[in-house]
Amino acid sequence: MRGQEGKTGPLLFKGAVELVKLVGALRQRPRAGDPARQLHESEVRWRRRNPVDVDGSRGLPMLCLVNADRARFPALQVICELLHESAEPEPTPYVYRDLAVQPTPVRRHGYVEPVRDILVSARKGLVQQSTGGRLPRFPLFTLLVWLMGERIDDGDQHPDRTLAFRVQKISLHHRFRHAVQEIDGSLPDAPPVLRLFLFFCFVVSLLWFWITVPGRVPVISGKYRWFVRQPHLAPKLSGRNFLRFGRRLTDGHWQKEDPEYVCRLLVNAFLEDLRRAYRIGLWKVWRKRRMGYPMLLLDGADADNGGYELLRLVNAVRNQLGDFDPLLLITSGSEYPPPVRAVLSAPVRGARLKSTADAAGTAYRSWQAALPIDRLARRKITWFLPLRIDTMDLPDPAVAVSAWNSLGGYHGDYQLDRPLLWTRRWMRLSMAAILLGGVVGGGAYAVAATRQSHCGSLIDSVTWTGFECVGVADGTFPMFQPSNDHIRQVEDRIADQNRQAAQLHDAYPARPYITLVSLQALTSSNGTADGLTAAREGLEGVAVAQRRQLVARGTADPIVRVLVANAGRGMREGVRVARQLAVMAARDRGIVGVVGLDMSSNATSDTIQAITDAGIPMVASTLSADELAGQSPLYFQVAPQNQREAEVVAEFVKRQPKLPSARVYYSDDGSDKYSSNLREDLLRALRRRGIPVSAAAFRPNDPGSADPAHVHYAEPLFGNAAAAGRATCSYGGVVFFAGRGVPDFGDFVSAAALCGSDATIIGDDDVSRYVADQPTRRQNRALPYYYASFAAAPAPVAQARGVARDFYLGLNEMFGFEDSADGRSLDGHAALAYDASLVFISATAYLRESSADIPVSPGAVWREITAIHTSAAAAQINKHIDGVTGAIDYGGDIARHVPLNKPIAIMRVENGEVLPTIQAFCGTATGIPAASWCPAGP
C-alpha cells in the first residue's frame, strides 16, 4: 500500500488517513498495564494515565464503519493489509471475515447459530496465528462449543455420569490412559518401573479429574469452576455442579434455554479466554507481554448475518461484567447498527454517533468521555463508536497521496511499541531468577548452616561444637572421631542390625522392643583412631548383645535397637547429649537405658546427673570411682569399685619380691575423681598391710577441666607424666600408676624405659585403654609392666568357658579382625559393654515374664534391675546374671548399684605384647579360679 499509483485509490475518501491512524492506535497496547487511554490532539497516540480505573474509561470501543460503497472503498481490507505488512516487533493477531459473501445463516434459536459460527471462525483464525504459544487456545469457549454439539439420550438413566465419561475422554486423564495402553501393547517387555510410573500417573489423573470436574474446589477446578460461577443461565439452578450445568448445554437441552443468555455465555467464554491470555500472573513470568490487541474485522455486517447482533452482545456482556477484555472489534456495514440507529435522533448522544472518518480522533475522545456515564447507565450504545465514511466528498488526489507518503505507508503508526523495560519477559525472568536464586541461595545457605551445625548432615541429633561432633546416631552416621576401617565395620554392623530389629519387631509385635544408647567419649584424646580402640570394642560388645536378641525366639526376649552417642572428648559434652536424650526419650518411650559411660570425672558425674534428670536408667561398663555408685538411684555399673581394685592390687603388691616400698603416681586434675579416689583407696589398702607407701602427682596432658586444680596433697608435683616416669629410674620398689591410660600412661612408661627403670610398674584399670591401642603399646618394648583389668579376654578363645565362650566366638564371627593377634587387645572392654547391655536385656525379660500387660518403660526396667540378685529363699527364682566378666549380682539391696565380688584380673605386658596368661585373678567367674590370697569383699 505504499505506492502512489493504483494503490492509494481505495483510500481516496475523506478521513482515510485519520481512520487508519485511529485503528493503529487502538490496537497498540500500552507499554505497561492496561490503563485508560487518551488520544493527542495533533495525532492519534496513546497517553499513559493512572492504571487504576477510577473514572470507568477503561476499555476498547467497537469501531463500526458505515460504508455505503464497500466495493469501491474496502477499508477493512486495507487495514488487514497494513496489519500484515507491519509484523515487527511482533504480528498483531487478527481475523478478517466477509459476512456479505457468506450464505445467510439459519436462525432456529435466535442468533445462537450465527454468533457461534462467527466466534468459532474467529477462534480458528487466532489459533492459527499462534506463534510460540503466545495466543490463546480458548479452553472455555472450546469446551462450551463441544458441549453444545454433544447429545445425551433422553432415556439415559445416568446422564451426569455419561457426560462425565465423555468429558473424561477430552481430559488429561485420557492421555495417560492411552499412553499406558500404547506401552502395554507395543512394548510388552517395558521395564516394570516405567509401567508402574505410568500407572501411578493414570491413577493420579483419574483422582484429579473426579475431584476437579464438579467445579467446586477453588484454583484446581480451573475451567469447570468458571462455568458454575459465571452469571449467565443461572448456574445455581444446577447446584453449582459443572456436570449438571453442562448437561443443560448439550444438544437438545441448550435449545430449551433462553437464546439471549446462551449467546451471552458464548460471547463471555470467548472474551474470558482472551482476558486470561493477556494476563501475566506471577506463575507465568516466562510469557511474553503481547503489545497488540487481537482484532476481529467483520465486513458486510448487517442485522441478518449476526454481525450487528454480535456487537450488541459484546456491549451487553461488557456492561454486565465490567471486566476489561482485549478484543478490538471492527465492523463495516452499509447502515448503522440497530442500537445506534435507535438513538441517532437524540440531541446529545446522537451527535456523538454521527461522526465521520475525518474526525476519528475527536470521535474517540468524545466516546471515551461519555464512557463512564454510559457504563453506569448500562446503555445499549456504551461501547459503540460509529464512523461514517463519506464517499460523496472526496479529497484532492494529490493531497491524499502526499498525506499517505508522509506517514511512510503508515508503518510508523502500525509498528507496535516495546513494553517497558521492567515489564519485558527477560526482565521478569531475570527478576524471577534473582528471586529464585535468592530463595535457593538462602535455602542452600540455611541447609549449609544446618549441615555445618549438624556435622555436615541433616540429622538434628548430632551437633558440631566447633572442633568435634557430638550427639546421637543409629549407626548410619559416623560418630567416632577420627575413624578407621575397623570402626566403620562396627558402625555399619549396628546400622544393619537396627534395620533387622525393626523388621523383626514388625513380624513379632508381641516381643518387647527396646532401645539402648551406647554413650561414650568417641573423640580420640590423642587424635588417632587407634586411641578409640577401647571405645570401639565397647560398641562391639553392645553389637554382640544386640545380635543375641535378633536370633532369640522367646516371647519375653526383647528386640534391641542401638543408638551410638558421642559425649565428646573426655565426656565434656555429656550433659548436652544427656539433655538431647531426654528430648528423644519423651518422643520414644522405647529408650529404656544408657550403657557405656567413660572416665570417672566431674564431666561424667554431671552427665550421670543429667541422665538421671531425664529419668533414664544407666549401666556403666568401666566406671569404678567409689562415689558414683551413690550419686543416682538410676545409676548401676558392672565393673568393681576403686576400693575393690585397691584391695586386690595391694594384696598383689604385698607378694612382689624385693619390696622395700611402694609409690603411687596420680593425676593432679581436680576434675578427675577417678585418679584421686584410687590414690586414696590404694594408700589406705597398702598401709593397712604395713607396706611403706608414698604418693606423687603429675599434671595431665589433657586435663578434664579448663582450670586444673591441684588436689593440695603435700606431695611432689611433676610437670607432666613423662617427668613422673623418669622419677622411677632411681626407685627400686613398686610403682602404681593411678592416672589415665590415654594419653598419660604412654608418656609415663616410655620415659621410664628411656632411663632403664627397674621399678615394678603396675597400671590401673584405665591403662587397659592404652593397652588396647596396639601401635602405641608396641612402641614400648623395653619395659614390662602389669595392669589391672576388669575383664581379661582369653587367648585363645578355646580356653573360655560358658557364656564367655559363646560371647567371644560370636565376637570373632561378627568382627573377623578381632580373631587375630593384631586385632585382639585383651582389655575386656567388649565383654564389659556386653554385660552392661545384658543387664537391660535381662531386666526387660524379667519384666515381661512377670506380666505381659506391664508396659516396657525406663521406670519399669529400672525396677527389675534392682531385682537382679541370687535369691536367698529356695522357692524364689534365681535372677542373677552369669556374665562374661563374672557374675552380676546386686545383692537384693535396692540401694546397691555395684555387683558383688566382681572379678579383677592382673595382666602383664612384655615386649609390647599382652601375655595370655592371667597373672592374678580375684572374683567369681565361670572357669577361672580365684587366687587363694584374694581379699574378701563385697
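**The cavities**

Guide: The chain has an accessible surface of about 39200 Å² (Shrake-Rupley method, 1.4 Å probe). Carbon and sulfur atoms hold 54% of that surface. The model is predicted: local features need pLDDT of at least 70, side-chain atom pairs count only at pLDDT 80 or more, and totals for chains, interfaces and linings use all residues. Residues are numbered from 1 along each chain as its sequence is written, and side-chain values use heavy atoms, without hydrogens or water.

Of the 938 residues, 56% are buried (under 20% relative accessible area, 1.4 Å probe, protein chains only).

A cavity is a set of points on a 1 Å grid over the protein atoms alone, where a 1.4 Å probe fits but cannot get out. Seven cavities reach 30 Å³ or more. Volume is the space filled by probe spheres set on the points, joined across faces, edges and corners.

The largest cavity holds about 350 Å³. Its lining (residues with an atom within 4 Å of a point) has 28 residues. Nearest its centre lie Ser-525, Gly-570, Met-599, Val-742 and Arg-769. Two elements give two or more residues each: α19 (533–551) and α25 (741–754). These are helices, DSSP runs of H or I with at least four residues, numbered from the N terminus. α25 gives the most, with three. The lining divides into nine nonpolar, nine polar and 10 charged residues. Asp, Glu, Lys and Arg count as charged; Gly counts as polar.

The second largest cavity has about 130 Å³. It is lined by 16 residues, with Thr-622, Asp-765, Asp-766, Arg-769 and His-829 nearest its centre. Here α26 (767–772) and α29 (829–850) give two or more residues each.

Note on methods
Buried < 20%, exposed > 50% of the residue type's maximum accessible area, 1.4 Å probe, protein only. 1 Å grid on protein atoms, 1.4 Å probe; cavity = no way out; pocket = protein on both sides within 12 Å on 5 of 7 lines; lining within 4 Å.
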